[in-house]
Each structure stands twice: as C-alpha cells, then as structure tokens.
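Dear colleague,

Please find below the structure that I am handing over to you. My notes on it follow directly after.

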Amino acid sequence: MKLVTIDDIEAAARRIESDIVRTPLLAAGWGEPDRPLWLKPENLQPIGAFKIRGAFNALGRLGPEVRARGVVAYSSGNHAQAVAYAAAAFGVPAHIVMPEETPKVKVQATRGHGAQVVLCGAGQRESVAAELVESTGGVLIPPFDHPDVIAGQGTIGVEIATDLPDVASVFIPISGGGLASGVGTAIRALCPQARIFGVEPELAADTAEGLAAGHRVDWSVAQRNRTIADGLRSTPSALTFAHLQRVIDDVITVTEDQIRSAVAELAHRAHLVAEPSGAVALAGYRKAATPPGPAVVIVSGGNIEPPVLAEILSERQ
C-alpha cells in the first residue's frame, strides 16, 4: 500500500492555494501555562470546514475530460459541502449522498452550492453512491479513503509547521482518518520533535481501540451514531489506518460532556463557532497530560445547527 508523502502534500498545497483560505494560527491566552495553546480555525474556510482542501486537491488532480463527467460523493456533511463547492468552482455537476440524520444546516448548504443531494438510510451511503457512479458516469470522491484527499487535508500540517516550527504537540480530530493521516504525515516530516494526538469521542472510539489492538475493529453504525459529533461517526479505511499507525503517537478519547464544554469554550473564549466534531481536539487538549511546549488544536469545522449551539451555550453560561 502506497502512503502519502510530504512531497504529495506540498504539491497539494501549491495546487489549492488559490482556492482555500490559509487559516492563521490564533494564540489562545487562556491555555495551560506550560502548554501555550494555539488554534487552527478551519471553521473559517468558505464551507466552514477543512474538507475543502481535500476536495479541491482531488478534483484538481482529475483530467479535464474525466472531471467534466461530474463527481459523486458521500458524506455526513462537511465533505458533501466541500465537493459541492469545488465542483461548482470547476463548473461540473455533483451528486452527493447524505444520511437522513445529517443536520439540516449541512444538507441545505450542500444544495446551496448546486449539488444534487440524495438522502439515504444509516449505513447505506457507500452503496447508494456506487449506484450513482454507475448511473451518472461521475467520478467518486470519497471523504477520506483516497490519497489525493489525504494529501489535501495534510496541507494544514504544512501551514502549522511554517507558522510554529517549534510546536510540541498537535491535536487532530479522528473519524475516517483522512485529516489525521495527512496532517500527521506533514508534521512528522517537518516537525519531528512534535507529538501527534488523535482525538475522538468515547462513543465512537473505534480508532483508539484499533490502534491499541494493532488492527482495525468494527463498531456498528448504531454505536458510532450515538455521539453528538456527527462528523466523527466514520471508521478508518485500510489506507487511512496504515497512515495512522505510522504517524499517531496516541489517541485521546473524550466524553460527550467534554465535547459540549469545548464547543462552549471556543464560543465564549475565542469567539469561534465550532461544531462538536470541530471542538473535540480542544477537549483532548483539556483532558490529557501532554508534553510541555506550544500545542496546536485543529478546530476542524463550524457547521452546527443553531438550536444545538444555543442549547450548549445555555447550559454553560
């Protein structure tokens, strides 16, 4: 199995630089004294999440004739929006499969970018997407199980290394593993002194269990769907798991209450709107005793239903 390299990621950074926001590192003055906290706010991307990076890199790598056939994707939300947005930028059609339980704000945003959205039952999105590939002739852009997607997400790691070369620890949300695979590969190459921590909900902790066991484990869709972090309900592929085994130092699991507290902390202290999936890395930073030195938390997305945000903030005034 060929893994993504730093050369692939740096090429992706050049390819997508005009299509994305190069998000800043924000100094958070309320972090732990021996672990200065920095936030990487990917919620500031045009579609509100980091997924735009992988989508533009994957579409940009397609030949014009292939791309013109259109693209197909499946996603619980942020990858859906990213592919729809990138497809619109390239002027090609997009068909997106989304689970019926996807927050409405994400479904509406995906449609708003011009994509045809197909809703499906839990656990059916891959099979429905395969049918669409067959019927439309479009190219499948999976949410994480693709080297071009992984390389695109890894551009975040290049930016972190450039802006904070003495970073001591990096906290990355884990679901399907594309973000952690890409960022971990970049940080391991450019900042070898840094420790790389994946963070996932306790209610969807299949990666933590799998890495401890040395092989992927199978958590049911119903198990993983229990978490409020709807963007972290996927499970790693063989490709991403191989990357994670190579680049992740440890996986921190966090409770639902810790996730909700992190959403509120980002809103109150940083004035950043983060969805639960986007806040788990901060929850991991708060929970774990990690090495001293500068710590970067990736705020991976901000697409949260307004009533859910209001509920969380009212709980934690």
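Where is the place of Ser300? In this predicted model, Ser300 lies in the loop that runs between β10 (295-299) and α14 (306-315). Ser300 has a relative accessible area of 6% and is therefore buried, as values under 20% count as such. Its side chain reaches the backbone oxygen of Ser277 at 3.5 Å. Leaving aside residues up to four places away in sequence, Ser300 touches Glu42, Asn43, Gly48, Ala49, Phe50, Pro173, Leu179, Ser277 and Gly278.

Helix α1 (residues 6-16) packs against helix α7 (residues 147-163) at an angle of about 90°, and their axes are 8 Å apart. The two helices are therefore roughly perpendicular to each other. From α1, the residues Ile6, Asp8, Ile9, Glu10, Ala12, Ala13 and Ile16 take part, meeting Ala151, Gly152, Gly154, Thr155 and Val158 of α7. Seven of the residues in this contact are nonpolar, three are polar and two are charged.

Strand β4 (residues 94-99) runs parallel to β5 and is joined to it by five bridges; Met98 has Leu119 in β5 as its bridge partner.

Yours sincerely

Terms used
Residues numbered from 1 in each chain as written. Predicted model: local features only at pLDDT ≥ 70, side-chain atom pairs only at ≥ 80, totals over all residues. Heavy atoms only, no water. Axes fitted to C-alpha atoms, helices over the stretch in contact; angles between N-to-C directions. Helix = DSSP H or I, 4+ residues; strand = E, 2+ residues; numbered from the N terminus. Parallel < 35°, antiparallel > 145°, perpendicular 65-115°, else oblique. Contact = heavy atoms within 4.5 Å. Nonpolar A, V, L, I, M, F, W, Y, C, P; charged D, E, K, R; others polar. Buried < 20%, exposed > 50% of the residue type's maximum accessible area, 1.4 Å probe, protein only. Polar contact = N/O pair within 3.5 Å; in protein donor to acceptor, adjacent residues only side chain to side chain. Pairing = 2+ DSSP bridges.
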